Structures are given as C-alpha cells and as structure tokens.
Amino acid sequence: QVQLQESGPGLVKPSQTLSLTCTVFGVPITMNYYAWSWIRQPPGKGLEWMGAIGYSGNTYVDPSLKSRTSISRDTSKNQFSLRLSSVTSEDTAVYYCARDYSLNTQYDYWGQGTQVTVSA
C-alpha cells in the first residue's frame with residue numbers, strides 16, 4: 001500500500017523559506033521509474049505543478065519557480081523535500097506531494113495536502 005504524507009510548518013513569514021517534507025510509505029522513492037512531485041493549489045485557483053525528483057535523483061522545476069525552488073531527497077528515510085525561498089503571500093496554498101511515472105504528470109497517489117500560509 002502506497003501512502004504519502006506531507007509535513008512542515010503551516011505558517012511562514014514573508015521573505016523566509018518554506019520547507020516541507022513528504023514521507024513515502026510502501027514503495028522506495030528510488031524505484032524505477034517513478035517521479036515524486038510537489039504540487040500546490042492557491043485559494044480559488046487550480047493545481048500548479050512545482051517540480052519533481054526522479055528515481056535517480058534528477059530534479060525538475062517549473063521555470064517560473066526554479067530560481068526559488070529546491071527539491072531534495074533522503075533515501076535512508078524514504079523522504080523528499082521542498083524548499084521555496086523568498087516567499088510572499090502569493091505562495092499561500094495547499095501543498096501536495098504526489099507520485100507519477102516517468103514525469104507523465106498523471107498521479108496515482110497523493111498526500112492529503114497541507115495548508116501553508118505566508119503571513120507576518
């Protein structure tokens with residue numbers, strides 16, 4: 001059974017760094033050929049793909065976010081993480097981690113999502 005769970009602070013101050021971790025249960029994040037993605041949904045808006053880390057450790061980030069976004073992993077803990085720097089109120093959203101296959105952006109497993117609010 002594959003499960004994903006997001007964790008991290010729900011409140012971040014403007015200009016600081018948003019940090020989230022996704023813990024994966026039931027499958028190694030190193031298994032061919034899965035990719036592990038971060039997706040967010042601002043209030044009243046649609047889902048926005050942010051980036052992903054592949055089974056090999058290669059990372060992919062949306063061009064609009066790449067200057068501020070870092071995705072990493074800890075294979076010993078079966079976790080991958082998101083760091084989004086220099087946040088503003090526009091980064092307030094529900095953040096999800098999800099699994100896809102070969103970066104097809106067709107996700108079969110999702111975390112429950114976690115609300116992150118950027119506010120002073």
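The model is predicted, and residues are numbered from 1 along each chain as its sequence is written. Local features need pLDDT of at least 70, side-chain atom pairs count only at pLDDT 80 or more, totals for chains, interfaces and linings use all residues, and side-chain values use heavy atoms, with hydrogens and water left out.

**Stop 1: strand S9**

Select residues 93-101, which make up strand S9. Strands here are DSSP runs of E with at least two residues, just as helices are runs of H or I with at least four, and both are numbered from the N terminus. Seven of the nine residues of S9 are buried, so the strand is mostly covered; buried means under 20% relative accessible area, exposed means over 50%, and partly exposed lies in between, with a 1.4 Å probe and protein chains only.

Two strands are taken as paired if DSSP finds at least two bridges between them. Strand S4 (residues 34-41) pairs with S9 in the antiparallel sense over eight bridges. Within this pairing, Tyr34 stands opposite Tyr101. Strand S10 (residues 109-110) runs antiparallel to S9 and is joined to it by two bridges. Here the bridge partner of Ala98 is Trp110 in S10.

**Stop 2: strand S11**

Select residues 114-118 for strand S11. Its pairing with S9 is antiparallel and comprises three bridges. Tyr95 has Thr114 of S11 as its bridge partner, and Ala93 stands opposite Val116 in S11. The bridge partner of Leu11 in S11 is Thr117.

Which residues of S11 lie on its covered face, and which on its uncovered one? Thr114, Val116 and Val118 form the covered face, while Gln115 and Thr117 form the uncovered one.

**Stop 3: the aromatic residues around Tyr34**

Display the rings of Tyr33, Tyr34, Trp36, Trp38, Tyr55, Phe80 and Tyr101, which form one aromatic cluster. Rings of Phe, Tyr and Trp (its six-membered ring) pair if their centres lie within 6.5 Å; planes under 30 degrees apart count as stacked, over 60 as edge-to-face, and the rest as tilted. By this rule there are eight aromatic pairs. One of them joins Tyr34 and Tyr101 edge-to-face, with 5.6 Å from centre to centre and 75° between the planes. Because Tyr34 lies in strand S4 and Tyr101 in strand S9, this pair ties together parts that are 67 residues apart in sequence.

Are the two members of this pair buried or exposed? Tyr34 is buried, at a relative accessible area of 17%, whereas Tyr101 counts as partly exposed, at 40% relative accessibility.

The charged end of Arg99 sits over the ring of Tyr34, 3.9 Å from its centre. A charge is taken to sit over a ring if NZ of Lys or CZ of Arg is within 6 Å of the ring centre and within 35 degrees of the ring normal.

**Stop 4: Arg40 and Tyr95**

Move along strand S4 to Arg40. This residue is buried, with a relative accessible area of 5%. The side chain of Arg40 makes a polar contact with the side chain of Tyr95, at 3.0 Å. A polar contact is a pair of N or O atoms within 3.5 Å; within protein, one must be able to donate a hydrogen and the other to accept it, and residues adjacent in sequence count only if both atoms are side-chain atoms.

**Stop 5: the disulfide**

Select Cys22 and Cys97, which are joined by a disulfide with an S to S distance of 2.1 Å. A disulfide is assigned to a pair of cysteine sulfur atoms within 2.5 Å, and the structure holds one. The torsion about the S-S bond of Cys22 and Cys97 is about 65°, so the disulfide is right-handed. Cys22 lies in strand S3 (residues 18-25) and Cys97 in strand S9, so the pair ties together parts that are 75 residues apart in sequence. Cys22 is buried at 0% relative accessibility, and Cys97 is buried at 0% as well.

**Stop 6: the four-stranded sheet**

Finally, turn to the open sheet of four strands in the order S1-S3-S8-S7, with antiparallel pairing. Its edge strands are S1 (3-7) and S7 (69-74), each of which pairs on one side only. Thr69 stands opposite Leu84 in S8.
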